[in-house]
Amino acid sequence: MTVETDATPPAGSPAHDEHELVQLLTPEGERIPNPEYEPLIADVTEDHVRGFYRDLVLARRVDTEAVALQRHGELGLWASLLGQEAAQVGSGRALRPQDHVFPTYREHGVAWCRGVDPGLLLGLFRGVDQGSWDPRENNFHLYTIVIGAQTLHATGYAMGVQRDGAVGTGDPDRDAAVIAYFGDGATSQGDVNEAFIWAAVTNAPVVFFCQNNQWAISEPLERQTRIPLYKRAAGFGFPGIRVDGNDVLACLAVTRAALHRAREGEGPTLVEAYTYRMGAHTTTDDPTRYRLAADLEHWKLKDPIERVKAYLTRTGGADHEFFESVEAEAEDLAEHLRTYCRELPDPLPTSIFDHVFVEPTPALLEQRDEMAAYLASFVTEEAHR
Amino acid sequence: MTEMALGKAINAGLRRAMEGDAKVLVMGEDVGKLGGVFRVTDGLQKDFGEDRVIDTPLAESGIIGTAVGLALRGYRPVCEIQFDGFVFPGYDQIVSQVAKMHFRSAGRLRVPIVIRIPFGGGIGAVEHHSESPEGYFVHTPGLKVVAVSNPLDAYWMIQQAIALDDPVLFFEPKRRYWDKAEVDEDGSPALPLAAARVVQAGTDATVVAYGPMVRTCLDAAAAAAEEGQSLEVIDLRSLSPLDMPVLHDSVRKTGRCVVVHEAQRTLGVGGEIAARVTEECFYSLEAPVLRVTGYDTPYPPSRVEEEYLPDLDRVLDGVDRVLAF
């Protein structure tokens with residue numbers, strides 16, 4: 001069952017003109033009955049909801065701290081997830097350990113749910129590495145910056161899962177799904193459309209999780225589509241569903257359903273998490289040049305964290321002490337990030353030659369020696385001075 | 001020993017690699033029932049099944065991109081790009097993803113993918129079916145690039161490429177697919193994958209070639225011998241990395257070097273070899289390193305391709321020019 005809510009944007013654009021989206025928790029923190037999706041989170045206790053609240057707050061704190069580090073010159077760039085915490089935490093908490101994630105460069109909240117130390121996310125943006133976590137440890141692939149390229153990797157990985165016999169066995173610890181994250185802009189990329197085709201014809205166990213934050217840098221959704229994005233799935237031959245991307249419970253339920261389908265061998269699903277990029281595209285962007293402040297104010301009323309807080313307060317599921325303790329934890333996490341970031345060492349210049357190949361080539365080793373000798377020549381000159 | 005055509009030798013090499021490692025997959029357009037438009041994968045789907053020999057949708061970026069995912073899951077995909085000119089829709093995945101994955105993961109991830117590409121002209125084909133795009137990939141760090149010239153090498157090099165943990169662009173000279181030679185399937189490869197080979201020893205000038213031009217250069221060397229010229233012909237086999245010691249030894253002996261390829265001249269493999277031979281063998285050179293190549297035009301209509309492509313006479317003309325110094 002779907003409901004009409006004020007999370008639905010103003011009519012007038014075909015891309016937005018769709019009054020159906022799954023919502024389980026209103027912006028005011030009220031639960032909405034939903035016979036189809038409620039059973040999928042029947043196991044979710046108040047304790048779990050407190051856990052989601054903690055995830056949301058800490059994911060946002062990672063983000064605001066990283067933006068601050070960029071402003072202080074400690075990071076070269078940061079891509080903010082502000083406003084998209086529920087989409088990331090809801091979907092991230094739907095995953096099982098054996099599932100595999102292919103993120104964009106904005107999935108800091110999903111990384112958090114996968115147990116990746118947020119400090120590890122900073123290296124790429126500080127310019128000391130290009131992804132310093134081990135993707136095999138948390139089944140969380142490196143960030144992909146080329147828009148949409150990772151959707152094909154996810155689909156191929158899912159084809160590997162099929163070939164490993166890890167789909168549809170009924171063993172909850174064995175059956176695995178793959179989830180590919182991407183945005184509304186990416187849906188215009190050839191790679192994303194090819195991934196949809198591949199996944200459909202191979203029935204691959206992959207979930208396409210589109211965070212429609214309505215902006216591809218400065219281009220609004222209308223520049224990418226004439227129809228609601230989730231409806232595209234029908235043309236490829238698999239289900240698509242739109243969920244309130246600012247509702248952590250709805251994102252959890254919908255993603256669980258999609259992952260379940262994939263693990264059971266029923267093929268791909270497109271989930272469109274309808275949300276809003278409350279910050280800039282990245283720290284180099286200036287959204288005041290292309291969008292109205294009123295839009296932002298409108299979406300602030302739908303904040304993904306406030307509604308969980310309102311819910312917990314309303315139900316008595318959490319008290320002041322709990323909220324204070326999460327704030328304190330967020331402070332500690334921020335301090336960890338600041339320290340971690342400032343202590344990140346610059347890479348050794350000659351380390352750039354280390355992993356170009358598994359089996360290095362003679363020419364590359366010569367170039368490494370050439371660089372080392374050149375750099376050493378300055379040390380020698382200094383010594384002679 | 002079995003007499004085998006070059007295309008058949010690749011087929012036999014693929015078969016052997018698939019028998020030896022259940023993780024080896026073949027994927028591409030029409031590679032299954034049809035056996036590929038050149039029949040290089042003929043019979044493989046029948047014997048190894050549709051899960052290991054995958055007829056893919058018609059989209060090259062999808063072929064390469066899903067191969068990346070399969071490789072990350074532990075498979076060793078061998079992708080077929082149907083023709084040279086069709087690699088470009090997959091270019092982004094090759095250059096931005098395949099080539100960089102090991103590097104950007106600080107060595108944690110490997111993508112042992114082989115991308116087979118029938119390349120070069122001389123078969124009277126329509127546009128986009130006769131190109132030589134190897135230079136783009138040689139220019140790209142993180143890729144290994146090889147080109148085979150004969151059935152025996154083809155049989156072994158495809159297996160060596162599949163066994164390598166680095167991604168390999170594997171160029172197959174389509175006009176030589178039907179060239180035959182004896183292949184000993186029970187032996188072992190004579191050379192490492194990255195090694196060049198002196199295919200004919202000589203003393204007056206070094207002629208460097210790869211892929212389809214090796215036979216052309218051997219024919220040229222035979223004609224030159226009748227004129228009393230002794231040409232040393234080198235089959236590069238590997239374009240990235242280049243086996244420079246073999247080139248050094250040869251050029252230091254002959255003092256003259258001509259590089260031959262079908263690809264356009266500017267910023268091609270010939271330019272790189274000319275630069276490196278000049279840098280590294282300067283005092284041995286009696287003449288500038290010359291290039292005999294395709295011209296800097298798009299690949300032309302097939303009725304003029306014979307004038308576009310280096311042939312025996314153009315190779316000899318290049319040799320005459322270096323000998324004139």
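The centres of domain 1 and domain 2 of chain A, taken over C-alpha atoms, are separated by 40 Å. Domain 1 of chain A covers 38-343 and domain 2 covers 351-384. These bounds come from an automatic or database domain assignment.

This is a predicted model, in which local features need pLDDT of at least 70, side-chain atom pairs count only at pLDDT 80 or more, and totals for chains, interfaces and linings use all residues. Residues are numbered from 1 along each chain as its sequence is written, while chains are lettered from A and ligands numbered from 1 in the order in which they are written.

**Interface.** Chain B places 35 residues in contact with 35 residues of chain A. Contact means that C-beta atoms, placed from the backbone, lie within 7 Å. On the side of chain B that touches chain A, the elements giving two or more residues are helix 3 (60-72), helix 4 (91-98) and helix 5 (101-104) of chain B. Helix 3 of chain B gives the largest share, nine residues. By type, this side of chain B holds 14 nonpolar, 13 polar and eight charged residues. Here Ala, Val, Leu, Ile, Met, Phe, Trp, Tyr, Cys and Pro count as nonpolar, Asp, Glu, Lys and Arg as charged, and the others, Gly among them, as polar. Helices (H or I, at least four residues) and strands (E, at least two) are DSSP runs, numbered from the N terminus.

**Sheet in chain B.** Five strands of chain B form an open, mixed sheet in the order 9-11-10-13-14. Strand 9 (197-200) and strand 14 (290-294) of chain B each have a single partner strand, so one side of each lacks a neighbour in the sheet. From one strand to the next, the twist averages 25°. Two strands pair if DSSP finds at least two bridges between them. Strand 10 (residues 205-209) and strand 13 (residues 257-264) of chain B pair in the parallel sense over three bridges. B:Thr206 stands opposite B:Cys257 in strand 13 of chain B. Helix 10 (residues 269-280) of chain B lies across strand 10, strand 13 and strand 14 of chain B, at about 155° to strand 13. Axes are lines fitted to C-alpha atoms, for helices over the stretch in contact, and angles run from 0 to 180 degrees between N-to-C directions.

**Helix 1 of chain B.** Eleven of the 15 residues of helix 1 of chain B are buried, so this helix is largely enclosed by the rest of the structure. Among them are B:Leu6, B:Lys8, B:Arg15 and B:Met18. A residue is buried if 20 or more other C-beta atoms lie within 10 Å of its own, exposed if 12 or fewer, and partly exposed in between, with C-beta atoms placed from the backbone.

Most residues other than glycine have a negative phi, and most peptide bonds are trans.

| Residue | Phi | Loop |
|---|---|---|
| A:Ile217 | about 50° | between strand 4 (215-216) and strand 5 (219-220) of chain A |

A:Ile217 is partly exposed, with 13 C-beta neighbours inside 10 Å. B:Ala106 is partly exposed too, with 19 other C-beta atoms within 10 Å. A cis peptide bond joins B:Ser240 and B:Pro241, with omega about 5°. B:Pro241 sits in the loop between strand 12 (238-240) and helix 9 (244-254) of chain B.

Conventions
Contact = placed C-beta atoms within 7 Å.
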